[in-house]
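Please keep the sequence and the structure in view while reading.

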Amino acid sequence: MAHPAYVAVDWGTSSFRLWLIARDGSILAERRSGEGMTSAAKTGFSQVLSGHLAAVEAPDNLPVIVCGMAGARQGWVEAGYIDVPAPLAAILTGAVSVPGESRDIRILPGLAQRDMATPDVMRGEETQLLGALGSASSGAQAVCMPGTHSKWVHVSDGKVAGFSTFMTGELFDVISKHTILSHAVAGADEQPADAAAFEAAVSAAFARPALASNLLFTARSGQLLHGISAASAQARLSGTLIGLEIAGALQDAANLGVTLVASGRLQALYEQAFKTLSLTFTAIDADAAVRRGLSAAAEAIWPN
């Protein structure tokens with residue numbers, strides 16, 4: 001029977017994921033909940049983690065490696081940032097200990113881009129990046145990590161050269177719920193998805209990003225004048241925002257291959273968008289990537 005070696009935790013703003021990992025790297029148990037940083041800050045980070053550790057019957061002396069928003073200024077213990085440009089391996093040495101706990105709990109740092117013109121931060125995605133590429137990756141590539149705040153990272157020979165955040169997911173949520181387009185997309189989730197409308201919107205936004213706000217409005221005007229469905233309107237909104245993101249992300253990196261780190265519905269949408277734009281890409285599962293990144297950190301901190 002496999003023996004547990006450590007616990008890996010990805011603690012986001014609104015989500016919590018925990019894996020009990022064996023010495024051979026296999027997953028012995030898994031927990032998922034909505035107890036992200038926002039919720040845990042009220043309940044208590046230690047209390048939330050203890051409940052999940054008890055549920056998977058983690059031994060009292062088992063160490064825990066954490067990435068994500070638990071290390072934010074508003075989180076459990078601030079883990080700070082590593083400034084880019086920096087090698088991916090720098091993440092492995094920047095973990096901070098959580099004081100006052102009976103077990104060894106470490107939280108990984110984020111990455112910071114301190115350029116005055118393009119300041120940016122990430123927390124959690126750096127661990128996905130490490131797991132997706134490894135600390136000794138070679139060549140230059142653009143890495144896309146979709147989400148509420150999508151991250152695009154330029155990596156060259158194992159070093160993070162720079163990155164950009166795109167508020168694509170949050171903008172989709174706000175626009176579809178709190179603007180005039182909310183009327184156009186009402187009931188869209190009960191209708192079949194409109195792939196053709198999505199692909200057309202991706203192409204239009206990628207080709208003409210300066211017209212983004214005009215292209216967004218066609219989800220409403222197209223419904224009023226041409227009777228397009230709510231699903232088509234939603235596809236136009238989603239496709240426009242994703243096409244706009246890709247256009248911005250690849251503005252200075254058009255010749256780089258793209259590595260897509262995603263899972264589920266977002267993976268499917270971005271793959272569809274890349275294919276529409278004839279972009280070469282490689283897809284890596286986001287859950288597997290973050291586990292590999294956490295495992296690399298655990299093995300560096302607790303080699304035995």
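Which residue just after H2 takes a positive phi? Glu 57 does, with a phi of about 55°. The model is a predicted one, in which local features need pLDDT of at least 70 and side-chain atom pairs count only at pLDDT 80 or more, while totals for chains, interfaces and linings use all residues. Residues are numbered from 1 along each chain as its sequence is written, and side-chain values use heavy atoms, with hydrogens and water left out.

Helices (H or I, at least four residues) and strands (E, at least two) are DSSP runs, numbered from the N terminus. In helix H2, residues 45-55, the buried positions (under 20% relative accessible area, with exposed meaning over 50% and partly exposed in between; 1.4 Å probe, protein chains only) are Phe 45, Val 48, Leu 49, His 52 and Leu 53. Seen down the axis of H2, these buried residues fall within an arc of 130°, so they line one face of the helix; the arc is that of the directions from the helix axis to the C-beta atoms. The face turned away from the buried side of H2 carries the exposed residues Gln 47 and Ala 54. Among the elements covering the buried residues of H2 are strand E1 (4-11), helix H1 (37-43) and strand E8 (105-107).

A nonpolar core is a set of buried Ala, Val, Leu, Ile, Met, Phe, Trp, Tyr and Cys residues joined through side-chain atoms within 4.5 Å. Two such cores can be set side by side.

| Core | Size | Residues included |
|---|---|---|
| Largest core | 35 residues | Ile 65, Leu 111 and Leu 294, among others |
| Second, separate core | 27 residues | Ala 40, Phe 45, Ala 58 and Val 66, among others |

Leu 294 is in contact (heavy atoms within 4.5 Å) with residues including Trp 19, Ile 65, Cys 67 and Leu 108, when residues up to four places away in sequence are not counted.

Elsewhere, Ser 232 lies in helix H8, residues 230-249, and is buried, with a relative accessible area of 10%. Leaving aside neighbours within four places in sequence, Ser 232 is in contact with Asp 194 and Ala 197.
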